[in-house]
Structures are given as C-alpha cells and as structure tokens.
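Visitor: Please take one part of this model and go through it closely. I would like the packing of its helices and the contact between its chains in one connected account.

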Amino acid sequence: MGTLAHSFEAAGLATVGLSLVRPHIERLHPPRALHCEFPLGRPLGRPDDPAFQRRVLDAAFVLLDRPAGPVLEDFPEVIDDDTEAPLACPVPPRYDPSVPPAVDEARGLRPAWDRARAQLGRTQVGRVVDADGIPEAVAGFVRISEGTPWTEAGLPGDPAAVAMDIRSYYEEAALSLAGHVTGARAAESWLFRWTETGAVLKAARDAMAAVSPPYEHILYLIPVTQE
Amino acid sequence: MREMVAGLPVPEFDDTPFVQPPALQDATVAIVTSAGLLRLGEEPWQEGDSGFRVFGRDERNLIVAHRSTNFDRSGIAADLNVAYPIDRLEEMQAEGVIGAIASRHLSFTGPIMELSTLRLDTGPAAAKLLGEEGVDVVLLTPV
C-alpha cells in the first residue's frame with residue numbers, strides 16, 4: 001500500500017495508510033501512515049467493535065492535519081494473534097463410516113455453517129466452490145493425500161483457492177460454534193491442529209510437494225503459522 | 001509471521017510527494033485496500049495480479065480473495081469493516097466528521113512482487129479514476 005500512496009499523492013490525492021508491518025513502512029516512506037501492531041488480516045484491530053475501529057480511524061485521519069511528511073505514528077494499543085490458543089471448538093461425531101472422516105466432518109459442520117451464514121448475512125466461501133461442494137472438495141484432498149496426482153483428484157479449481165474455501169467454511173462454522181468472534185488465527189489453528197480436514201490438507205500438501213507441482217499450488221495451501 | 005513478512009523486499013523512493021488535503025469535514029474520502037476483494041462469482045485474482053477492482057459504496061457482499069493464506073481470515077468473515085471500514089465511514093459522514101464518501105472504492109490484491117506495472121500503469125490509473133470521482137483523501141488499508 002505504501003507504493004500506491006506514492007502514486008496517489010503524486011496525482012494530487014492525499015493519502016493516509018494503516019500499517020501492519022512497520023519495517024516496510026519505514027523503508028517505503030509513504031506520506032502518512034499509522035502503524036497498528038495488530039494481527040495480519042485485521043488492520044482495524046477488532047472485528048465487531050465499531051468503537052475500537054473508530055478510534056483507529058480517528059488516529060489515522062488526524063495525520064492529515066500534519067503540515068509536512070512523511071509522517072509515521074503508532075497506534076498506542078497492541079493486539080496479538082491467538083495462533084497458539086486454538087479455539088476450543090467441538091467437531092461433529094462420526095456419522096457415516098462409508099466416507100472418509102474428513103468428508104464426514106465437513107458434512108457434519110454444515111448446520112453450524114448455515115447458522116453463521118444466516119447470522120452474518122454473507123460468506124467468504126465461494127471463490128471456487130460453494131458450501132454444497134465443500135465435502136467433495138475435501139474428498140479431492142483426501143485422494144491427493146492417498147497418492148492421486150492433484151491434477152486427477154477432481155478438485156474443482158486451483159488447489160490453493162479450493163483450500164481457502166474449505167478454510168473459510170470451517171472458520172465460519174467455528175464462529176457459529178464458538179458463539180463469538182474469535183481471536184485472530186484461533187479458528188485457523190483449530191482447523192489445522194484439531195480437525196480431520198486440517199490433517200488431510202497438510203497430508204495433501206506434503207504429497208503434492210513430493211512430486212514437485214508448480215510452486216504456487218502448494219505455497220498457499222497451509223499457512224506458515226501452521227507448519 | 002510478521003517477522004517473516006518484514007523481510008520481503010519493498011521498493012525505495014527518493015522522495016515523498018505530499019498533498020495538503022482540505023479539512024476532513026469538507027473532504028471526499030475513498031477506501032483503497034489490498035485485501036483482494038471480489039464479488040462472489042467474479043474472475044479470481046491471478047498470481048502477481050497488479051490490477052484493481054471497483055466497488056460501489058453500498059456493496060457489502062464481498063469476499064477476500066487475496067491469494068496468500070498467511071493472514072487471519074476469521075475477523076473479516078465476521079466483520080468486513082475490520083479490513084474495509086466502509087460502515088465506519090458512513091457513520092463518520094453522518095456525524096459530519098468527513099464531508100462525503102466516494103461512490104466508488106478500490107481493491108488491489110497481494111502479494112505483488114513485480115511492482116513496475118503498479119507504479120507505472122495501474123496505480124496512476126486508479127488515481128485518475130478516484131480523481132475523476134472528486135476524491136480528496138484516500139484511506140489505504142492492508143491485510
């Protein structure tokens with residue numbers, strides 16, 4: 001975003017940016033930046049907390065009053081992520097032994113996902129596959145983990161994008177099961193450390209890496225925080 | 001995670017252009033995010049995509065289709081405003097804190113490792129679009 005700030009300002013638009021990675025901003029020297037020591041993915045800090053978000057915006061917009069730049073200031077509050085505190089969230093009991101456990105699990109989470117969808121009024125699932133297709137997408141990764149080449153596993157699209165839809169499905173179900181907005185990465189850690197599908201995604205990534213597919217197809221399958 | 005990202009290369013600039021905006025209560029404000037926003041069913045972002053997408057002021061049913069998996073997604077799932085604070089701007093305008101909200105807002109995506117197109121083409125094109133909208137102030141939000 002610092003690069004864009006230079007382009008916009010050169011075109012006559014005043015900019016103020018939120019920063020999540022201070023060393024980048026220190027090197028980019030954008031005209032005005034408010035560094036927020038918040039989890040990556042949450043530049044306004046706290047979801048469902050309009051008052052907190054407003055304080056962040058007020059602190060950013062006040063930088064527009066500075067007579068000269070570059071200006072780099074820090075928001076005074078720090079928020080850490082909860083990668084090491086996985087959500088304590090139940091997983092569905094085994095229901096249909098005729099399908100792999102991960103597929104059974106994905107099916108079992110559907111009511112929770114439906115509740116989240118209704119409550120939120122929108123979803124992040126659907127880059128490649130919608131909620132109806134999630135169990136079969138999980139089945140595709142099961143096949144990859146068992147040795148099927150990823151190009152023959154029946155995935156409905158780019159493996160990383162399909163995996164992101166699966167992750168969003170699980171994280172949205174977790175929001176419903178938890179009953180509140182979780183700390184950053186807590187639901188992610190629940191998926192990758194506690195669920196059958198998380199284990200399948202890791203195993204599929206390992207299987208793909210073993211046969212050297214194009215780099216980008218495995219780069220974004222598993223967050224670095226879950227390695 | 002933050003430490004790993006901090007080590008990625010970033011461009012260097014010899015100087016910093018600096019525009020003095022009108023008072024905020026008289027300014028038109030737009031959001032430009034790097035969250036990789038899309039409408040459901042739209043063409044996905046490509047690896048290294050340095051283009052941008054345009055969204056109306058009233059649009060909320062947006063997904064974050066940024067290709068990187070290395071940031072929290074659950075916060076955005078719960079509340080889009082944690083990365084794209086369009087509702088906060090609406091409140092600020094209603095209070096008279098900001099003058100107006102642009103009718104169009106933009107999303108780029110990341111990661112963009114080859115920045116020439118962004119600097120020479122799509123960045124200036126985005127600035128031109130916002131300038132034609134009468135935008136005075138751009139709020140930049142990363143993920």
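Guide: Angles between axes under 35 degrees count as roughly parallel, over 145 as roughly antiparallel, 65 to 115 as roughly perpendicular and the rest as oblique. The axes are lines fitted to C-alpha atoms, for helices over the stretch in contact, with angles running from 0 to 180 degrees between N-to-C directions. This is a predicted model, in which local features need pLDDT of at least 70, side-chain atom pairs count only at pLDDT 80 or more, and totals for chains, interfaces and linings use all residues. Residues are numbered from 1 along each chain as its sequence is written, while chains are lettered from A and ligands numbered from 1 in the order in which they are written.

Helices (H or I, at least four residues) and strands (E, at least two) are DSSP runs, numbered from the N terminus. Chain A has 10 helices and 3 strands.

In chain A, α8(A) and α9(A) (residues 196–210) pack at about 75°, their axes 5 Å apart. The two helices are therefore roughly perpendicular to each other. Two residues are in contact if their C-beta atoms, placed from the backbone, lie within 7 Å. On the α8(A) side the contact is made by L191(A), F192(A), R193(A) and W194(A), and on the α9(A) side by T197(A), G198(A) and K202(A).

The contact between the chains takes 70 residues from chain A and 62 residues from chain B.

A residue is buried if 20 or more other C-beta atoms lie within 10 Å of its own, exposed if 12 or fewer, and partly exposed in between, with C-beta atoms placed from the backbone. In α1(A), 8 of the 9 residues are buried, so this helix is largely enclosed by the rest of the structure. The buried residues of α1(A) include L4(A), H6(A) and F8(A). They pack against β1 and α2 of chain A together with β1 (28–33), α4 (116–132) and β7 of chain B. Just after α1(A), G12(A) takes a positive phi of about 100°.

Two strands pair if DSSP finds at least two bridges between them. β1(A) is joined by 4 bridges to β7 (residues 137–141) of chain B, and the two strands run parallel. In this pairing A14(A) stands opposite V137(B) of β7(B).
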